[in-house]
Amino acid sequence: MKIGFAGLGVMGAPMARHLAGAGHEVTGYNRSPDKARAWAAAAGGRPAATVAEAARDAELFILCVGNDGDVREVVLQALPELGSGAVIVDHTTTSAHVAREMAAVADAAGVAFIDAPVSGGQAGAEAGKLSVMAGGDPAALARVEPVLGAYAKAVKHMGPAGAGQLTKMVNQICIAGVVQGLAEAVHFAQSAGLDTDAVYDAVSQGAAQSWQMDNRWKTMARGEFEFGFAVDWMRKDLGLVLEEARANGSHLALTALVDQFYSEIQAMGGARWDTSSLAARLQDRPARR
C-alpha cells in the first residue's frame, strides 16, 4: 500500500519502520527534516519535505504527532493531496472533540478519518506490539487493519469518531492510579527496611501483579526514570481526561490528585522522566537521571 506518515518521533519512527519492513511504500515527514532523512536511510522509506508531499496520492495517511493543534494542522495540509476513498489513521492522543471535528472535515472530502490512539509505549512501538483503540467508520478500519498489524498486536473498534480517544482516556486513568499505588508501595517497603526485590518476588505472584509492577517496580526502587513516556506527555493526556470528565459529569478525584503529583515532578526537574517517577516525590535521595 502507498502510505504517508507524519510524525517520526519515538513512537512514529519505529511504527513507520515496521510498515516499510512489511513491504509498503512509505513516505515519512517530520517537522525536523534531519529526523525524516535519518528515518528514511534506516528504514528504507522516502523522506518528505512537507506534509503535502508525504500525503500525495497516498491510500493511507497515518499521523502520530503532539496535540490537538498539531492534528488539525497536519490533517488540513494532507487532505487536498489525498484521493477519494483514502483513509487517515491518527495515532495521536487528543481530545475526542478534535477527533469528531477531523472526521467530519475528512468525510466532506470523501476521506475516512479513524482516531486510533495506542497503548504500549516506546517499547511496544519498537517491538511492533502496540494496542490500538479506534473510533470511526468500521468498514474503513477493516480495510487498513491488516496494514496496522505491522506494528499492532491488537486493534479494537470502539465506536464512532472520538470513541478511540475516550478509550485511551480510560487507559490513562488506569495507569495513573496503578503507578501512584506502586510508588507508595515501594516507598513503604523502603521505609520499613524491607528488601524491595524480595518484596516484588512475594507480591508479584498474587493479586497485586500488573504490567507496571513487572516492568517498573525495581527501577522505581532504584530511582531510575528513563523508560519512555514522559511526565509532560502524561500531564497533557490527564488534562484531556479531566476536561472530558467535567463535560460528562464523571468524578475522578484520584486522577486529579495524581495529575497534581505529576506537576510536582515537573517542578523537581522531571518533566522528561517517565511516568513511574511519581516515586521520586517520596524518595529521600534525588532521582538518578
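Buried means under 20% relative accessible area, exposed over 50%, and partly exposed in between, with a 1.4 Å probe and protein chains only. This is a predicted model, in which local features need pLDDT of at least 70, side-chain atom pairs count only at pLDDT 80 or more, and totals for chains, interfaces and linings use all residues. Residues are numbered from 1 along each chain as its sequence is written, and side-chain values use heavy atoms, with hydrogens and water left out.

Q: How many of the residues in the protein chain are buried, as a percentage?
A: By that cut-off, buried residues account for 49% of the 289 residues in the protein chain.

Q: What makes up the count of helices and strands in the protein chain?
A: Helices (H or I, at least four residues) and strands (E, at least two) are DSSP runs, numbered from the N terminus; the protein chain has 12 helices and nine strands.

Q: What joins strand β4 to β5?
A: Two strands pair if DSSP finds at least two bridges between them; four bridges join β4 (residues 60-63) to β5, and the two run parallel. L60 stands opposite V87 in β5.

Q: Which way do the residues of strand β5 point?
A: In β5 (residues 87-90), V87 and V89 point one way and I88 and D90 the other way, and all are buried.
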